[in-house]
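This report goes through selected local features of one protein chain. Have the sequence and the structure open while reading.

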Amino acid sequence: MRKPYVILIGSASGIGKSTIAAELAKTLNIKHLIESDFLRAVVRGIIGKEYAPALHSSSYDAYKHLRNKNRYENYDELISAGFDEHASAVIPAIEKVIQRAITDYDDIVIEGVHLVPGLINIDQFKEFANIYFFVLSSDEESHKERFVKRAIQIHRGGKQLDFFKENRIIHDHLLTQAQSNNVNVIKAESIDKTLDKILSIINQTCTTVNLINSIDELPDVIDIIINKNNGSLEKVIYNIKGFKEPLSRNINVSDSQAADKFIKNISEDESKKKYLEELYKLSEYRKTTICASSQEKLDKILKELTEKGYVLNE
């Protein structure tokens with residue numbers, strides 16, 4: 001039998017993981033969707049407050065129950081340590097659910113703040129399931145906007161809004177943990193864009209094409225791939241004349257904000273622009289790996305690039 005899909009989506013509160021998880025489960029026709037908050041409620045019923053006070057607190061104020069708080073150098077470390085202790089009590093339940101899904105050959109999506117890279121041991125399941133772990137990120141302004149909206153929707157405005165700073169620290173802590181443990185970080189944009197980024201990783205719909213665009217045409221190339229079609233640029237290889245080994249660059253750019261920043265840096269920094277121009281001159285074309293959420297979208301990207309004359313016809 002095929003390996004079941006186990007998809008984990010974590011983030012700080014108010015980023016939009018519940019919405020994305022629901023849309024992803026619907027798109028992939030996965031019937032089992034579980035929130036870690038429900039598992040926490042079960043664990044709370046088993047483990048009393050006197051044994052695990054951090055578990056019976058919220059993720060953003062669990063630090064209040066840490067022993068020897070003075071050992072932490074700053075407030076961010078204190079919040080992160082309290083959050084980790086809170087999440088650690090839920091992790092065994094999450095792992096049991098994953099194991100049950102694997103045993104029953106069931107696909108499953110699990111979402112929640114308790115999915116902390118480095119704390120949950122996903123390596124133990126890789127032989128038996130297709131494991132995908134994502135952490136959603138957001139800039140502070142967008143996070144605050146979603147955070148306020150969510151707090152009002154669930155009627156916890158007064159209580160939760162006072163702890164945005166702590167939730168933002170948790171957000172940054174999750175990103176650090178994701179980067180340290182090779183977990184995919186996905187910039188939360190619109191539902192469609194975020195979903196496409198996740199699906200492009202799960203579906204692994206990628207191709208390598210030889211691009212011949214100029215530096216001035218690069219913004220249009222990026223616009224076609226990333227902004228218009230929610231694709232991503234993964235890798236560029238320069239076959240430089242006179243060199244035995246090609247120059248390879250892993251780009252991994254999938255969100256429009258990062259792409260716009262890249263273009264802005266080139267346009268404003270003359271030295272970077274000249275360096276890139278030299279690379280373009282030394283290589284006849286650039287072997288570029290492009291990914292999308294489906295073969296249909298990938299074909300659309302290639303068609304638009306070809307129509308603009310950016311693809312080398314061999």
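## Disulfide

C291 counts as buried, with a relative accessibility of 6%; buried stands for under 20% relative accessible area, exposed for over 50%, and partly exposed for what lies in between (1.4 Å probe, protein chains only). The model is a predicted one, in which local features need pLDDT of at least 70, side-chain atom pairs count only at pLDDT 80 or more, and totals for chains, interfaces and linings use all residues. Residues are numbered from 1 along each chain as its sequence is written, and side-chain values use heavy atoms, with hydrogens and water left out.

The structure holds one disulfide, a term for a pair of cysteine sulfur atoms within 2.5 Å. The partners are C206 and C291, with their sulfur atoms 1.9 Å apart. The link of C206 and C291 is right-handed, at 105 degrees about the S-S bond. Because C206 lies in strand β6 (residues 205-211) and C291 in strand β9 (residues 283-292), the pair ties together parts that are 85 residues apart in sequence. Helices (H or I, at least four residues) and strands (E, at least two) are DSSP runs, numbered from the N terminus. C206 counts as partly exposed, at 34% relative accessibility.

## Aromatic pairs

Four aromatic pairs are found in a search of the whole structure. Rings of Phe, Tyr and Trp (its six-membered ring) pair if their centres lie within 6.5 Å; planes under 30 degrees apart count as stacked, over 60 as edge-to-face and the rest as tilted. One of the pairs is that of Y5 and Y132, which is stacked, with 6.0 Å centre to centre and 15 degrees between the planes. Y5 lies in strand β1 (residues 5-10) and Y132 in strand β4 (residues 130-137), so this pair ties together parts that are 127 residues apart in sequence. Y5 is partly exposed at 28% relative accessibility, whereas Y132 is buried at 17%.

The pair of F147 and F164 is edge-to-face, because the ring centres are 5.3 Å apart and the planes stand at 65 degrees. F147 belongs to helix α5 (residues 140-153) and F164 to helix α7 (residues 164-180), and the pair links distant parts of the chain, 17 residues apart. Both F147 and F164 are buried.

## Charge over a ring

The charged end of R286 sits over the ring of Y280, 3.6 Å from its centre. The term applies if NZ of Lys or CZ of Arg is within 6 Å of the ring centre and within 35 degrees of the ring normal.

## Positive phi

Which residues other than glycine have a positive phi? N68 has a phi near 55 degrees, and N230 has one of about 55 degrees. N68 lies in the loop between α2 (36-46) and α3 (75-88), and is exposed, with a relative accessible area of 52%. N230 lies in the loop between α9 (218-228) and β7 (232-240), and is buried at 12% relative accessibility.
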